[in-house]
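Q: I would like to go through this model with you. Could we start with the terms and then move to the details?
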Amino acid sequence: MKIVLFDIDGTLIKAGGAGGRALDKVIKDMFGVEHACDKVSWQGCTDKENFSLVFKYASGKKPSARQFREMELQYLNLLPAEVKRSIRSGNYSRLNGAEKFLAKLSGRRDVLVGLGTGNLKDGAFIKLEPSGLLKHFAFGGYGCDSRHRSEVLEKAVERAGRLAGVKISPREVFVIGDTHRDVEAAKEAGYHSAAVLEGFGDRRLIMRSNPELLAKDFSRLKPWLIWLGLEKDPKGVRRGTYICPDSPIEHAHYGRTGLDLRDIELGMKRLREARKKVKGRGK
Ligand SMILES: [Mg+2]
């Protein structure tokens, strides 16, 4: 059984800043502070972290459990209207190929597709609903499960295990996100990791986090299916495009030793050049 966990914002959809606007309004109502979300770096964080960050920015204090609950309720009240506003202004979109990829995966009996998102559970559904992608997800880990992304992912895997009635090994879990935080969380939990570059992540930070697979989006499915081990790689391991390791440990090994086609091609070219030189001398 393979478990594939998708992040939402920047990975499956772009909700046109709906979450940020809703949270900004909550903070404005509470403290009169405007545009609090612009002042904190929150891409790829869980909602629990985000709420604490902006609350602290606006009030100088950490929110109490009651204040936290209040923020969550206000946020979830405001979010649907903000998502609608994004749709109306043409700022709500799906990532290229996401629908095709999900349809392909959820049609397989050996794959369980779930969410691994920092969004609160209700927030995740509100944001995903208009995309038509929600039907592909039977379970997930959410921002309300933990403030730590790796624990959110572990929670999703726990639920997948219960759903499938089997114990899931970490090497059967594949995490797809759009920021280095998704990749780092996956690694922390011992799962496979991949990232799309069309989302909200910082490209340099993503590269540094070293996911097993990097792709613009899901418009070309072949590399994704090879990474998931659902299709065979006809050309073997190729660094710089994609690699197809059996485990995160193998990934680290290939990443460092990197015997791949490009090395072999370069070696052959040098050999041919050296041979030409030797022949030339013999004449
Ligand atoms: Mg994201």
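A: To begin with a term: two strands pair if DSSP finds at least two bridges between them. The model discussed here is predicted.

Q: How many bridges join β4 to β5?
A: Three bridges join β4, residues 111-116, to β5, and the two strands run parallel.

Q: Which residue of β5 stands opposite Gly116?
A: Gly141 in β5 stands opposite Gly116.

Q: What is the strand order of the open sheet?
A: The order is β5-β4-β1-β6-β7-β8, six strands in an open sheet with parallel pairing. The edge strands are β5 (139-141) and β8, each of which pairs on one side only. From one strand to the next, the twist averages 25°.

Q: On to the helices. How do the axes of α3 and α5 cross?
A: The axes of α3 (residues 65-88) and α5 (residues 121-128) cross at roughly 10° and come within 9 Å. Angles under 35 degrees count as roughly parallel, and α3 and α5 are therefore roughly parallel to each other.

Q: Which residues meet there?
A: From α3, Tyr75, Leu76, Leu79, Pro80 and Val83 meet Asp122, Gly123, Ile126 and Lys127 of α5. By class, this contact of α3 with α5 has six nonpolar, one polar and two charged residues.

Q: And α1 with α3: at what angle do the axes cross?
A: The axes of α1 (residues 18-31) and α3 cross at roughly 135° and come within 8 Å. That makes α1 oblique to α3. The crossing of α1 and α3 is right-handed.

Q: What does α1 contribute to the contact with α3?
A: Ala18, Gly19, Arg21, Ala22, Leu23, Lys25, Val26 and Asp29 come from α1. Their partners in α3 are Met71, Gln74, Tyr75, Leu78, Leu79, Glu82, Val83 and Ser86. The residues of this contact divide into nine nonpolar, three polar and four charged.

Q: Changing topic to the backbone: what is the phi of His35?
A: His35 has a positive phi of about 50°, although it is not a glycine. Most residues other than glycine have a negative phi. His35 is placed in the loop between α1 and α2 (47-59).

Q: Is His35 buried or exposed?
A: His35 is exposed, because 12 other C-beta atoms lie within 10 Å and the cut-off for exposed is 12 or fewer.

Q: What about Asn210, where does that residue lie?
A: Asn210 lies in the loop between α8 (203-209) and β8 (213-215). Its phi is also positive, near 60°. With 16 other C-beta atoms within 10 Å, Asn210 is partly exposed.

Terms used:
Residues numbered from 1 in each chain as written. Predicted model: local features only at pLDDT ≥ 70, side-chain atom pairs only at ≥ 80, totals over all residues. Axes fitted to C-alpha atoms, helices over the stretch in contact; angles between N-to-C directions. Helix = DSSP H or I, 4+ residues; strand = E, 2+ residues; numbered from the N terminus. Parallel < 35°, antiparallel > 145°, perpendicular 65-115°, else oblique. Contact = placed C-beta atoms within 7 Å. Nonpolar A, V, L, I, M, F, W, Y, C, P; charged D, E, K, R; others polar. Left-handed = near helix turned anticlockwise from the far one by under 90°. Buried ≥ 20, exposed ≤ 12 C-beta atoms within 10 Å, placed from the backbone.
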